[in-house]
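Hi everyone, thanks for having me.

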Amino acid sequence: MDEMDIINEQHPLDFNVTNDDVYDFIPTYAPRAIEPIVVRGAGHVTVFALNNKFDEEFPQGLAHKVSREEYQETIKRVNAILKKNVPNHFKWLIFGCICCCCTIGLSLCPVVYLNKRSKAAVKRALSSENARIYHRLGLHWKLIQQKCSNNNAVQEYVLMIEFCPALSLSYPD
């Protein structure tokens, strides 16, 4: 009997954990990925990829997630910021283009600064709306730069509404 190989049987619930595969025995569940909703600009004036207003039409993908009134209130808040700022950007852009030859391009600096400030104001408004309403509903709004659907060379800023997966409390940290 000493010459025979002895095969140890393991119970199916016993795990041999080594340093390399610490989390191999934890089942991984991939949540169903839901495509984010993209709200594109609907205005007539676009300065440095930032449009002067976003489409207020309620997307079908949000039908059972958020009310129409909350969605429209958020869009109106963002549109109010853009309505106040983007026409001024356009005026400064025209002025910068006229004076560009004399100032060696430095006359376009105010437009770039104002555009950054407007994007920051929109992002601040969206983060306050996320904290106030949307994170509790499992949604996250953000302003991102994305290529246009009809022309890959041109980019525009869009509002993206992402669906956050529910946190599982049964997994260790």
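Let's start with Glu162, which is partly exposed at 25% relative accessibility; buried means under 20% relative accessible area, exposed means over 50%, and partly exposed is in between, with a 1.4 Å probe and protein chains only. Which residue does Glu162 form a salt bridge with? That's Lys142, with the closest N and O atoms 3.2 Å apart. Lys142 lies in strand E4 and Glu162 in strand E5, so this pair ties together parts that are 20 residues apart in sequence. Lys142 is partly exposed too, with a relative accessible area of 29%.

A quick word on where this comes from: it's a predicted model, where local features need pLDDT of at least 70 and side-chain atom pairs count only at pLDDT 80 or more, while totals for chains, interfaces and linings use all residues. Residues are numbered from 1 along each chain as its sequence is written, and side-chain values use heavy atoms, with hydrogens and water left out.

By salt bridge I mean a side-chain nitrogen of Lys or Arg within 4 Å of a carboxyl oxygen of Asp or Glu. Side chains of opposite charge can pair when their charged atoms come close. The structure holds 5 salt bridges. In another one, Glu156 pairs with Arg40, with the closest N and O atoms 2.8 Å apart. Those two are 116 residues apart, with Glu156 in strand E5 and Arg40 in the loop between E1 and strand E2. Buried or exposed, what is Glu156? Glu156 is buried, at 14% relative accessible area, whereas Arg40 is partly exposed at 30%.

Now the sheet. Three strands form an open sheet in the order E1-E5-E4, with antiparallel pairing; strands pair if DSSP finds at least two bridges between them. Helices (H or I, at least four residues) and strands (E, at least two) are DSSP runs, numbered from the N terminus. E1 and E4 stand at the edges with a single partner strand each, so one side of each has no neighbour in the sheet. E1 and E5 are joined by 3 bridges, and Val38 stands opposite Met160 in E5.

Glu73 in helix H1 and Arg132 in helix H3 are 59 residues apart, yet they form a salt bridge with the closest N and O atoms at 3.1 Å. Glu73 and Arg132 also belong to a salt-bridge network with Arg77 and Glu129. That's my tour, thanks!
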